[in-house]
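Please look through the sequence and the structure shown below before reading on.

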Amino acid sequence: MAMKTALVTGASRGIGRGIALELARAGCRVAINYAGNAAAAAEALALVKAAGGDGFTVQGDVASAADRARLVQETIAALGRIDLLVNNAGVAPLVRADVLDAGEESFDRLYAINLKGPYFLTQLVAKQMLQQSPDAAGFRGRIVNITSISAYTASINRGDYCMVKAGLAMMTKLFADRLANDGINVYEIRPGVVATDMTGAVKDKYDRLILREERGITPIRRWGQPQDVGRAVRAIAEDRFPFSTGAVFDVDGGFHLHRL
Ligand code: NAP
């Protein structure tokens with residue numbers, strides 16, 4: 001049975017917006033979470049509606065316990081239940097710094113938003129899902145974590161980001177194991193280099209690495225688009241993988257291949 005309601009964190013812009021749009025196309029009502037950019041969230045909602053879907057916007061900082069609780073309450077109030085949680089919200093380091101020099105402030109910020117936030121939000125939502133009646137196949141919900149190729153690729157000038165993404169990958173395994181017998185499957189999607197505001201600051205570097213070099217870093221020689229990730233989430237929302245949990249989907253143009 002396809003998912004009917006979804007909470008997508010960080011859905012105002014970038015990959016999250018692409019996910020919200022694809023879910024709308026699949027007939028999901030979507031809670032579009034954002035941190036501070038209300039105008040972008042309103043724009044995302046307008047696009048969701050233009051795609052024939054429906055939803056609402058909900059402000060909330062995933063790093064804040066109070067905001068996480070309110071986020072779940074407001075989503076339940078508006079949608080009635082949460083069939084799908086997508087932990088997408090995330091930030092890059094404000095300043096890239098060598099692992100020998102990187103500071104605690106950046107580490108704490110990334111840890112709070114990219115790992116602690118999703119972990120405790122997943123706890124809340126999983127408990128909500130456990131109270132929901134199962135569908136005909138016995139499923140109560142699905143959870144998707146948006147990690148990154150950085151979960152296994154060392155970038156020595158943003159080690160904090162790599163470490164928290166590796167932690168989020170482990171989080172997928174933990175909840176997948178814990179919730180499998182309760183009708184909740186958990187998946188990890190690992191995007192490669194995707195064209196969003198996050199990568200805007202390093203566009204020239206990736207243009208060179210992907211497009212200009214003779215043999216670029218990705219066998220598929222183009223930037224990823226938010227819709228590429230959205231389509232993968234949509235396949236999960238349409239329940240295409242009922243016998244998979246803890247699975248990792250590489251949406252990365254083949255970046256993960258070891259090549260000679
Ligand atoms: P983005 O364009 O910078 O968008 C970030 C989104 O997250 C925005 O909607 C933002 O809301 C929201 N957000 C930021 N901090 C938040 C917080 N504390 N609480 C709630 N929402 C918050 O980023 P993106 O490139 O789409 O990245 C989305 C996810 O994909 C991240 O987890 C990122 O690590 C991951 N990823 C990205 C790439 C890539 O190449 N772009 C590759 C691999 C993985 P506002 O609009 O309100 O600021």
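Does Phe-139 count as buried or exposed? In this model, which is predicted, Phe-139 has a relative accessibility of 13% and therefore counts as buried, since the cut-off for that class is under 20% relative accessible area.

## Phe-139 and its surroundings

Phe-139 belongs to the loop between α4 and β5, the latter spanning residues 141-146. Leaving aside residues up to four places away in sequence, Phe-139 touches Ser-133, Pro-134, Gly-183, Asn-185, Asp-239 and Pro-242. Asn-181 is 42 residues from Phe-139 in sequence, and the C-alpha atoms of the two are 9.6 Å apart in space.

One of the residues touched by Phe-139 is Asp-239, which is found in the loop between α8 and β7 (247-251). Asp-239 has a relative accessible area of 13% and is therefore buried. Its backbone deserves a look as well, for the phi of Asp-239 is near 65°, a positive value in a residue other than glycine. As background, most residues other than glycine have a negative phi.

Not counting residues up to four places away in sequence, Ala-89 touches Thr-9, Gly-10, Val-62, Ile-113 and Asn-114. With the same exclusion, the contacts of Ala-97 are Ala-102, Ile-156, Asn-157 and Arg-158. As for spacing, Ala-89 and Ile-236 are 147 residues apart in sequence and 18 Å apart from C-alpha to C-alpha, while Ala-97 and Gly-253 are 156 residues apart in sequence and 27 Å apart by C-alpha positions.

## Packing of α4 with α5

Two packed helices are described by the angle between their axes and the distance between the axes. Helix α4 (residues 104-131) packs with helix α5 (residues 159-179) at an angle of about 15°, and their axes are 9 Å apart. The two helices are therefore roughly parallel to each other, because angles under 35 degrees count as roughly parallel. The crossing in which α4 passes α5 is right-handed.

Which residues of α4 and α5 meet? From α4 the contact takes in Ser-106, Phe-107, Leu-110, Tyr-111, Asn-114, Leu-115, Pro-118, Tyr-119, Thr-122, Gln-123, Ala-126 and Leu-130, and from α5 it takes in Asp-160, Tyr-161, Met-163, Val-164, Lys-165, Gly-167, Leu-168, Met-171, Phe-175 and Leu-179.

## Packing of α3 with α4

Helix α4 also packs with helix α3 (residues 65-79), at an angle of about 35° and with the axes 10 Å apart. The crossing of α3 and α4 is right-handed.

On the α3 side of the contact are Arg-68, Ala-69, Leu-71, Val-72 and Ile-76, which meet Gly-117, Phe-120, Leu-121, Leu-124, Val-125 and Gln-128 in α4. The residues of the contact of α3 with α4 divide into eight nonpolar, two polar and one charged.

## Aromatic rings

When ring centres within 6.5 Å are taken as a pair, the count comes to six aromatic pairs. Among them is the stacked pair of Phe-107 and Tyr-111, with 6.2 Å from centre to centre and 10° between the planes. Both residues lie in helix α4, four residues apart, about one turn of the helix. Phe-107 counts as partly exposed at 33% relative accessibility, and Tyr-111 counts as partly exposed at 38%.

Tyr-206 and Trp-223 form an edge-to-face pair, with 6.1 Å between the centres and 80° between the planes. Tyr-206 lies in helix α7 (residues 203-212) and Trp-223 in the loop between α7 and α8 (226-237), so this pair ties together parts that are 17 residues apart in sequence. Tyr-206 counts as buried at 9% relative accessibility, and Trp-223 counts as buried at 10%. Finally, Tyr-119, Phe-120 and Phe-175 form one aromatic cluster; of these, Tyr-119 and Phe-175 also take part in the contact of α4 with α5, and Phe-120 takes part in the contact of α3 with α4.

Notes:
Residues are numbered from 1 along each chain as its sequence is written. This is a predicted model: local features need pLDDT of at least 70, side-chain atom pairs count only at pLDDT 80 or more; totals for chains, interfaces and linings use all residues. Side-chain values use heavy atoms; hydrogens and water are left out. Axes are lines fitted to C-alpha atoms, for helices over the stretch in contact, and angles run from 0 to 180 degrees between N-to-C directions. Angles under 35 degrees count as roughly parallel, over 145 as roughly antiparallel, 65 to 115 as roughly perpendicular and the rest as oblique. A crossing is left-handed if the near helix is turned anticlockwise from the far one by less than a right angle, and right-handed if clockwise. Contact means heavy atoms within 4.5 Å. Rings of Phe, Tyr and Trp (its six-membered ring) pair if their centres lie within 6.5 Å; planes under 30 degrees apart count as stacked, over 60 as edge-to-face and the rest as tilted. Buried means under 20% relative accessible area, exposed over 50%, partly exposed in between (1.4 Å probe, protein chains only). Ala, Val, Leu, Ile, Met, Phe, Trp, Tyr, Cys and Pro count as nonpolar, Asp, Glu, Lys and Arg as charged, and the others, Gly among them, as polar.
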